[in-house]
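Subject: Structure for you to look at

Dear colleague,

I am handing over the structure below, and after it I set out what was found. Please read the notes with the structure open beside them.

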Amino acid sequence: QVQLVESGGGLVQPGGSLRLSCVASGIAFSPWSAGWYRQAPGKQREVVAQIFDDGHTQYGDSVKGRFTISRDNAAKNTVWLQMNNLKPEDTAVYYCNDLGTFSWGQGTQVTVSS
């Protein structure tokens, strides 16, 4: 059973940066394919970024050029999301997802406000 634990969320001013981490246990395949999603109040969950087993990455249109997803290829069970130039509209709960089993973490809150 895959278990995911996110961390790194918090309150940041517009233009600031945060780095989210997702640590997984029980992964069946390596390299690990994973994604970050977010859900703002009253809105549907949306994809933020994904990284696949071959290293290919893809991003949601609203975060391209500002966010970067990466993977710890040594430990093989950690994925990060570096978020730069944060905007108030980035405020949401951010969730990590295992693309193999579609398992979800508990989420971490990111709030961008002055």
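A nonpolar core is here a set of buried Ala, Val, Leu, Ile, Met, Phe, Trp, Tyr and Cys residues joined through side-chain atoms within 4.5 Å, where buried means under 20% relative accessible area, exposed over 50% and partly exposed in between, with a 1.4 Å probe and protein chains only. The model is predicted, so to speak of local features a pLDDT of at least 70 is needed and side-chain atom pairs count only at pLDDT 80 or more, while totals for chains, interfaces and linings use all residues. Residues are numbered from 1 along each chain as its sequence is written, and side-chain values use heavy atoms, with hydrogens and water left out.

The largest nonpolar core has 26 residues, of which Trp32, Trp36, Val48, Phe67, Leu81, Met83 and Tyr94 touch the most other members. Two or more residues each come from strands S3 (18-25), S4 (34-39), S5 (46-51), S7, S8, S9 (92-98) and S11 (108-112), strands being DSSP runs (E, at least two residues) numbered from the N terminus. S3 gives the most to this core, with four residues. Leu81 has contacts (heavy atoms within 4.5 Å) that include Leu18, Leu20, Trp36, Val48, Phe67 and Tyr94, when residues up to four places away in sequence are not counted.

Four strands form an open sheet in the order S1-S3-S8-S7, with antiparallel pairing, two strands being paired if DSSP finds at least two bridges between them. Because S1 (3-7) and S7 stand at the edges with a single partner strand each, one side of each is left without a neighbour in the sheet.

S7 (residues 67-71) is joined to S8 (residues 78-83) by five bridges, and the two run antiparallel; Thr68 has Gln82 as its bridge partner, and Arg71 has Val79. Six residues lie between the strands of this hairpin, where Lys76 takes a positive phi near 65°. In a regular strand the side chains alternate between the two faces of the sheet. In S7 the covered face holds Phe67, Ile69 and Arg71, and the uncovered one Thr68 and Ser70.

Asn97 lies in strand S9 and counts as buried, at 1% relative accessibility. The side chain of Asn97 reaches the backbone oxygen of Ser103 at 3.2 Å. Leaving aside neighbours within four places in sequence, Asn97 is in contact with residues including Leu4, Tyr37, Phe102 and Trp104.

With best wishes

Key
Polar contact = N/O pair within 3.5 Å; in protein donor to acceptor, adjacent residues only side chain to side chain.
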